[in-house]
Amino acid sequence: MMIQTSTSLHTEAIELLKKLIATPSLSREEDDTAEVIIDFLESHGVVTQRLHNNIWATSKHFEPGKPTLLLNSHHDTVKPNDGYTRDPHSPEVEDGKLFGLGSNDAGGPLVSLMATFLHFHDREDLAWNLVFCASAEEEISGDNGMRAARNELPEFDCAIVGEPTQMKMAIAEKGLLILDCTAKGTSGHAAHDGADNAIYKAMKDIEWFRTFKFSKVSDSLGPIKMTVTIINSGSQHNVVPDSCTFTVDVRTTDAYTLEEVIQVIDDHTLSEIKPRSVQLRPSSIPTDHPLVTTGTSMGIETYGSPTLSDQSLLPVPSLKMGPGDSNRSHTADEFIKLSEIENGIDTYIELLSKVLTT
């Protein structure tokens, strides 16, 4: 097969994204978009493999002795919010913008990486192998997404994770701790003294979460950020509650391990603290890695990302990079500019042309 021109790749990527938008793919319900991706790759002579709704493929001339680069993005979406004024599954182009659920997060990065993979798929002169993976359940960090697929993929040495970053290189990404907290007291009648109000105990801890500053600050990711996002307590107006539960979203950095963060929180709070997971750790790539040095030589900006992606599940150096704007993710009437996709494909190809041949 001849290497396709960028113009051809642009057109095919945009048409593929329209099909993906038109195909509902909520997390855990990505069966149909998985089939769309398989059909597209196999129509270009690519042999695919599947685990649950994760689809992956290797470059045609894959050689076990070469270093391997993973290209990854996800094809699941969140539920459309109530603010939509358009049909979220009707791909419409207006003023150079492609509207639709998942267009920006992460359909644009996904099809751009897929087009890039096709550009290099048949090349025999590459110093690196390529693996492409369209993962599922990213939006919920599900067990049947990258968490499962990473164990079945060929061994890889580094990765590019496609997320909307305006084609800047996120060379570090914050981790995530979700804490379920319970303040306990004793119940009683609201008219009498003596009851131990769990809400007041929770308020003290919530104020600590609001104001506490961890002493160590990451050079690339800045400070740890803690935000109380849910609180529940009480059953009726005249009963002092004996329990108050609240949830804390903690965006962690490479300045502390997750275990260290949990210990600091335990030392300063009265509530019972239960982390939901300790797997979503901060991730990064060395600034002297070939992907980074090549990108910076091309004038691509680097930064540390506060948002989470499948990057947190990859056991190798990785950077997050893709067309689109993270500020549009999960918003009503989500869109991506066609020019962003075209530029994304061209930039990916230029970057990898310099890296994969040396």
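**View 1. Strands β9, β11, β13 and β16 at the largest pocket.** β9 (175-184), β11 (225-233), β13 (243-252) and β16 (302-305) each put at least two residues into the lining of the largest pocket. Here, strands (E, at least two residues) and helices (H or I, at least four) are DSSP runs, numbered from the N terminus. β13 gives the most, with 4 residues. The space in this pocket comes to about 880 Å³. In all, 41 residues line the largest pocket, and those closest to its centre are Arg251, Thr307, Leu308, Ser309 and His330. Sorted by class, the lining has 12 nonpolar, 16 polar and 13 charged residues. In that sorting, Ala, Val, Leu, Ile, Met, Phe, Trp, Tyr, Cys and Pro are nonpolar, Asp, Glu, Lys and Arg are charged, and the others, Gly among them, are polar.

A quick word on the model and the terms. This is a predicted model, with residues numbered from 1 along each chain as its sequence is written. Local features need pLDDT of at least 70 and side-chain atom pairs count only at pLDDT 80 or more, while totals for chains, interfaces and linings use all residues; side-chain values use heavy atoms, with hydrogens and water left out. On a 1 Å grid over the protein atoms alone, a pocket is an open set of points with protein on both sides within 12 Å along at least five of seven lines, a cavity is a set where a 1.4 Å probe fits but cannot get out, and lining residues have an atom within 4 Å of a point. Grid points are joined across faces, edges and corners, and a volume is the space filled by probe spheres set on the points.

**View 2. The second largest pocket, with α5 and β11 in its lining.** This pocket has a volume of about 190 Å³. Its lining is made up of Phe209, Arg210, Phe212, Lys213, Phe214, Val217, Pro223, Ile224, Lys225, Met226 and Thr227. Both α5 (198-211) and β11 supply at least two of the lining residues, and the largest share, 3 residues, comes from β11. By class, the lining splits into 7 nonpolar, 1 polar and 3 charged.

**View 3. Helix α5 against helix α6.** The axes of α5 and α6 (residues 258-268) come within 11 Å and cross at roughly 135°. That makes the pair oblique. Axes are lines fitted to C-alpha atoms, for helices over the stretch in contact, and angles run from 0 to 180 degrees between N-to-C directions. Angles under 35 degrees are called roughly parallel, over 145 roughly antiparallel, 65 to 115 roughly perpendicular, and the rest oblique. The crossing of α5 and α6 is right-handed; the near helix is then turned clockwise from the far one by less than a right angle, and a left-handed crossing has it turned anticlockwise. Asp205, Trp208 and Phe209 of α5 make the contact with Val264, Ile265 and His268 of α6, where contact means heavy atoms within 4.5 Å. Those residues divide into 4 nonpolar, 1 polar and 1 charged.

**View 4. Helix α8 and its contact with α1.** α1 (residues 6-21) packs on α8 (residues 338-355) at an angle of about 130°, with the axes 10 Å apart. The two helices are therefore oblique to each other, and their crossing is right-handed. On the α1 side you'll find Ser6, Leu9, His10, Ala13, Ile14 and Leu17, and on the α8 side Leu338, Ile341, Glu342, Ile345, Asp346 and Ile349. The contact has 8 nonpolar, 2 polar and 2 charged residues.

**View 5. Helix α8 again, now with α7.** The axes of α7 (residues 290-297) and α8 come within 10 Å and cross at roughly 125°, which makes α7 oblique to α8. α7 passes α8 in a right-handed crossing. Pro290, Leu291, Thr294 and Gly295 of α7 meet Leu351, Leu352, Lys354 and Val355 of α8. By class, there are 5 nonpolar, 2 polar and 1 charged residues in this contact.

**View 6. Two of the cavities.** The model has 3 cavities of 30 Å³ or more. About 90 Å³ of space lies in the largest cavity. Of its 15 lining residues, Leu20, His75, Thr77, Gly102 and Gly107 lie nearest the centre. α1 and α3 (103-121) each give two or more residues to this lining, with the largest share, 4 residues, coming from α3. The second largest cavity holds about 50 Å³ and is lined by Ser59, His61, Lys66, Arg123, Glu124, Asp125, Leu126, Trp128 and Asn129. That lining has 2 nonpolar, 3 polar and 4 charged residues.
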